[in-house]
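Here are my notes for you to read alongside the structure. Take the points one at a time, and keep the 3D view open as you go.

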Amino acid sequence: MTSRSLFRLGLAGAVAAGGILLAGLPADASKAPKPRTVPVRLLALNDFHGHLEPPTGSSGRMVDEHGNTVDAGGAAYVATHLKALADRNTIAVAQGDLIGATPLISAAYHDEPTVELMGKLGLQVAAVGNHEFDEGYDELRRIMKGGCHPVDGCSPAGRWKGAAFDYVGANVLFKNRHERTDALSALGTSPQIKKLMADWGVPALPPVSVKWMNGVPIGFIGLVTQTTPTIVTAEGIKDIKFVDEVKAANVASKLLKLVGVKAQVVLVHEGDQVTPNQSPDACSAVPGAGNRIATQVDAEIDLVLSGHSHQAYLCTVKDPKGRDRLHSQGGSFGRVITQVDLKVDLRTRDIDRASVVADNHVVTRTVTPDAEISAFVQTWKDRVSEVANRPVGTITADIPNTAAPSGESPLGNLIADAQLAATRTGGNAQVALMNPGGLRASLSYASSPAGEGDGVVTYGEAFTVQPFNNLMQVITLTGAQLKTALEQQFTGGPNNQPFNRILQPSANLTYTYSQSAAWGSKVSALMIDGQPVTDTQTIRVAMNNFLVGGGDAFPVFTEGTELWSGPLDIDAFVDHLGQNNPIAPPATNRITVTG
């Protein structure tokens with residue numbers, strides 16, 4: 001078996017390679033009946049998010065095929081299940097978010113441990129997800145190609161060697177279509193390829209990867225949700241754009257056809273929500289953004305394996321020509337491996353769709369964890385333990401990130417208070433706002449792993465709450481702009497908020513919103529320190545750089561002026577915990593809701 005990226009595969013090379021792989025058979029073999037098809041097995045992961053250790057709480061449980069809720073996930077268990085499922089016909093793939101929003105064991109080293117793990121697991125191709133861009137495009141390129149981090153230097157493992165698999169993203173293009181034309185020429189010398197890509201734009205990442213199995217090429221098209229600019233920090237992706245997934249897939253499909261690759265698989269980091277508590281093998285997906293892609297991409301594409309929504313489903317949808325096509329996803333955090341068995345016709349080199357059989361396997365912990373991977377994880381756990389187990393503060397009770405009817409959560413309010421405290425001096429902040437999606441876990445009164453006693457919060461626990469290393473910033477807004485931002489929390493406005501997304505306010509910011517009022521008139525009684533806010537007054541507002549860049553569909557924040565940058569959000573939180581011992585769960589009474 002050989003494999004190669006399409007960046008190194010020209011039209012002539014693709015045809016010649018196929019001929020070489022099928023030639024040179026022994027004389028007696030030529031007399032034997034030739035098979036009409038050859039088998040291929042795909043094993044897929046999505047949304048691993050650096051969970052080298054078994055995930056905990058609800059993130060570490062999964063409903064299995066029999067309706068039972070079981071413990072699932074963890075790198076050593078993933079390895080055991082992969083070894084049991086893999087055969088000589090296997091290609092391992094992934095649908096994005098392998099890294100980003102990761103536990104400290106991976107995040108402390110810029111997710112190099114997770115990417116190394118994926119190489120050890122035999123991963124060959126992965127679509128980029130939005131979280132692959134959490135630290136920006138340049139950092140993603142470092143993860144792909146190698147080299148030590150430009151600020152933090154090399155990890156304890158030494159100089160980073162780069163990913164052992166191909167990252168692909170067909171809908172990630174440079175904004176300046178004349179920039180880095182070397183990436184364009186590297187796609188091949190064929191005039192047809194050059195014209196196709198010249199009309200399309202300059203790719204910022206390899207759009208496709210071709211892997212050979214049993215003498216036939218399989219083309220993998222990578223896609224990431226086109227909403228990525230609204231959910232990652234703007235500065236890190238300022239030079240690239242994320243175009244429509246369907247249009248990009250269709251261009252990539254044509255590119256594969258030009259080099260003779262007819263067996264085509266989309267790996268897309270976009271998916272659908274599901275009806276809860278269904279078997280992972282059920283088609284429980286509620287048609288949404290994922291279904292749009294799965295049904296509209298070119299009919300030449302045979303399978304669509306998805307991610308992003310963290311759900312598990314196996315569906316059969318219709319392609320534009322009315323033929324059946326698999327649309328699947330495998331949960332998140334390494335709790336499910338999607339197995340797809342198929343056959344490729346040796347004459348047409350295309351996938352026989354009638355042969356496609358898919359199965360979502362729950363990664364149970366009832367098997368023996370893989371010894372090599374267990375040792376690998378323990379090595380990184382030991383390396384990060386001194387940092388992770390350091391006590392940073394105490395709490396008097398659980399501080400959950402579960403939203404109250406107002407949309408506030410005790411943890412969200414605590415974070416907002418911490419951010420205001422960290423930005424008053426220097427940034428002259430008057431209020432703070434925190435995006436609820438940036439809170440990844442609750443603080444538990446009794447969960448400290450370091451054994452210091454109930455109520456102790458460790459650095460590792462604090463980091464689990466806020467794993468993004470966002471920068472605290474302060475901008476100046478008018479009272480009218482602040483009110484607009486609060487209106488932008490709700491659906492129905494021109495910012496296309498997909499669902500109500502309530503920002504967590506610092507204690508001195510209060511207001512009322514009406515559930516029944518029209519968009520633009522929902523917010524009233526807006527006050528700071530008990531004083532009514534006027535449209536014309538100026539206000540210094542603290543938030544993370546993700547929100548300042550308009551993230552989570554809050555474009556009004558990009559209109560802010562007098563930008564000031566301060567500490568990392570995790571440092572602001574840790575300092576607040578240390579300076580206010582012990583901390584009680586804040587009340588959720590800063591927002592009043594009317595009918």
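1. Let's begin with a pair of helices. The axes of H5 and helix H12 (residues 371–388) come within 12 Å and cross at roughly 170°. An angle over 145 degrees counts as roughly antiparallel, so H5 is roughly antiparallel to H12. On the H5 side you will find Pro-113, Glu-116, Leu-117 and Lys-120, and these meet Glu-372, Ile-373, Phe-376 and Trp-380 in H12. Sorted by class, this contact of H5 with H12 has 5 nonpolar and 3 charged residues, with no polar ones. One reminder before you go further: this is a predicted model.

2. Next, look at helix H6, which covers residues 137–145. Which of its residues are buried? They are Tyr-137, Glu-139, Leu-140, Arg-142, Ile-143 and Met-144. The buried residues of H6 pack against helix H5 (112–120), and also against strands S7 (166–168), S8 (172–174) and S11 (240–242). After H6 comes Gly-146, which has a positive phi, near 110°.

3. Now for the loop between strand S6 (123–127) and H6, where Asn-130 lies. Is Asn-130 buried or exposed? Its relative accessibility is 3%, and the cut-off for buried is under 20%, so Asn-130 counts as buried. Not counting residues up to four places away in sequence, Asn-130 touches Asp-97, Val-224, Thr-225, Thr-228, Ile-231, Val-232, His-269 and His-308.

4. The structure holds 7 aromatic pairs. In the pair of Phe-165 and Tyr-167, the ring centres are 5.1 Å apart and the planes are at 65°, so the pair is edge-to-face. The cut-off behind that name is an angle over 60 degrees. Phe-165 counts as buried because its relative accessibility is 6%, and Tyr-167 is buried too, with a relative accessible area of 2%.

5. Here is another helix pair to find. Helix H8 (residues 191–200) and helix H10 (residues 245–258) pack at an angle of about 170°, with their axes 10 Å apart. H8 and H10 are therefore roughly antiparallel to each other. H8 brings Gln-192, Ile-193, Leu-196, Met-197 and Trp-200 to the contact, while H10 brings Lys-247, Ala-248, Val-251, Lys-254, Leu-255 and Leu-258. The residues of this contact divide into 8 nonpolar, 1 polar and 2 charged.

6. For a crossing at another angle, turn to H13 and H17. How do their axes cross, and within what distance do they come? The axes of H13 and H17 cross at roughly 95° and come within 8 Å. Angles from 65 to 115 degrees count as roughly perpendicular, and H13 and H17 are therefore roughly perpendicular to each other. From H17, the contact uses Asp-569, Ala-572, Phe-573 and His-576; from H13, the residues include Leu-411, Leu-414, Ile-415 and Asp-417. By class, the contact of H13 with H17 divides into 8 nonpolar, 2 polar and 2 charged residues.

7. Finally, find Ile-351 in strand S19 (residues 351–362). Ile-351 is buried, with a relative accessible area of 7%. Ile-351 and Pro-39 are 312 residues apart in sequence, and their C-alpha atoms are 9.7 Å apart in space. Leaving aside neighbours within four places in sequence, the contacts of Ile-351 include Ala-263, Val-265, Asp-302, Leu-342 and Val-344.

Note on methods: Residues numbered from 1 in each chain as written. Predicted model: local features only at pLDDT ≥ 70, side-chain atom pairs only at ≥ 80, totals over all residues. Heavy atoms only, no water. Buried < 20%, exposed > 50% of the residue type's maximum accessible area, 1.4 Å probe, protein only. Helix = DSSP H or I, 4+ residues; strand = E, 2+ residues; numbered from the N terminus. Contact = heavy atoms within 4.5 Å. Axes fitted to C-alpha atoms, helices over the stretch in contact; angles between N-to-C directions. Parallel < 35°, antiparallel > 145°, perpendicular 65-115°, else oblique. Nonpolar A, V, L, I, M, F, W, Y, C, P; charged D, E, K, R; others polar. Phe/Tyr/Trp six-rings, centres within 6.5 Å; stacked < 30°, edge-to-face > 60°.
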